[in-house]
Amino acid sequence: ERVKVFAEHDVRTAFAENALIEAGNDVYISDIAYHSQIRAGKKIIMEDKHGQITGGHVIAGEEISVKVIGNSAFVVTRVSVGVDPTLQKEYQDLRKAYKDSKQRLTQITKTLNTLSKIDVNKLPPERVEMITKLTRSQFPIAGQMKRDEKRILEIEDLLANMKNGKIKVSDTIYPGTRLSVNNILKNIQSEYKRCTIFLNSNGEVEVGAY
């Protein structure tokens with residue numbers, strides 16, 4: 001049975017084996033992550049003891065900082081950093097919802113402006129009722145737009161930080177590792193020691209100095 005841990009902020013654990021871990025902010029693992037699915041909104045930090053990721057898929061929004069990735073048996077280990085597709089989808093959905101709400105609100109305002117030129121006393125009760133309903137319907141739409149706008153700005157901040165996603169390896173990264181930085185892939189085919197992996201100015205995944 002796979003161990004599942006979900007946290008709004010941080011997760012701290014000694015090791016993870018066949019686990020599913022999700023954290024809104026950071027994940028701290030002091031020893032080994034073995035064949036686990038780990039997702040952190042911001043950072044995954046494994047700098048104590050073995051600090052080793054072997055097998056599984058580890059994803060962080062901003063940074064992954066570990067000692068060892070993979071192992072000498074070249075076990076397939078997937079490590080991804082940078083823009084989170086889930087967050088990107090939420091952002092696109094919110095932008096669309098905000099635009100739709102804005103159009104609806106504009107339409108209601110236009111209709112009410114037209115109706116305001118008519119003498120309400122001369123209208124049948126059902127038309128007056130319609131005007132009242134229309135007037136009331138503006139408030140929840142405006143409220144939702146305010147909430148959406150706040151979240152859109154929050155996500156824009158998060159996405160800006162994720163653009164510079166990096167993976168720091170203080171000891172060894174083994175062949176068999178599949179890296180992804182901002183959805184750009186790189187398969188590791190030879191062993192690297194003490195390095196930082198990032199997206200260079202040409203949009204390629206580069207293995208640079210630690």
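1. Leaving aside neighbours within four places in sequence, Lys42 is in contact with Gly24, Asn25, Asp26, Ala60, Gly61, Glu62, Glu63 and Leu158. Contact means heavy atoms within 4.5 Å. Lys42 sits in the loop between strand E7 (37-40) and strand E8 (43-46). Helices (H or I, at least four residues) and strands (E, at least two) are DSSP runs, numbered from the N terminus. Lys42 counts as partly exposed because its relative accessibility is 31%. The classes are buried, under 20% relative accessible area; exposed, over 50%; and partly exposed, in between (1.4 Å probe, protein chains only). From Lys42 to Ser80 the C-alpha to C-alpha distance is 12 Å, with 38 residues of separation in sequence.

2. A word on the basis of these points. This is a predicted model, with residues numbered from 1 along each chain as its sequence is written. Local features need pLDDT of at least 70, side-chain atom pairs count only at pLDDT 80 or more, totals for chains, interfaces and linings use all residues, and side-chain values use heavy atoms, with hydrogens and water left out.

3. Glu63 belongs to strand E11 (residues 63-69). Its relative accessible area is 16%, so Glu63 is buried. Not counting residues up to four places away in sequence, Glu63 touches Lys42, Lys43, Ile44, Val81, Lys166 and Lys168.

4. Strand E12 (residues 77-81) is largely enclosed by the rest of the structure, because four of its five residues are buried. Strand E10 (residues 57-60) runs parallel to E12, joined by four bridges. Two strands pair if DSSP finds at least two bridges between them. Val58 has Val79 of E12 as its bridge partner. E12 also pairs with strand E14 (residues 177-181), in the parallel sense, over five bridges. There, Val79 stands opposite Leu179.

5. Elsewhere the pairing is antiparallel. Strand E13 (residues 166-173) and strand E16 (residues 192-199) are joined by five bridges and run antiparallel. Lys168 has Thr196 of E16 as bridge partner. E16 pairs with strand E17 (residues 205-209) in the antiparallel sense, again over five bridges. In E17, Gly208 is the bridge partner of Thr196. E16 and E17 form a hairpin with five residues between them, and Gly203 in the turn has a positive phi of about 75°.

6. The largest nonpolar core has 29 residues, of which Val27, Ile44, Ile64, Ile167 and Ile197 touch the most other members. Such a core is a set of buried Ala, Val, Leu, Ile, Met, Phe, Trp, Tyr and Cys residues joined through side-chain atoms within 4.5 Å. A second, separate core of 18 residues includes Tyr91, Leu94, Leu105 and Leu123.

7. The largest pocket is lined by 17 residues; Ala23, Gly24, Gly41, Leu87 and Arg151 lie nearest its centre. A pocket is an open set of points on a 1 Å grid over the protein atoms alone where a 1.4 Å probe fits, with protein on both sides within 12 Å along at least five of seven lines; lining residues have an atom within 4 Å of a point. Strand E1 (3-7), strand E4 (19-23), helix H1 (85-116) and helix H2 (125-162) each supply at least two residues of the lining. H2 gives the most, with four residues.
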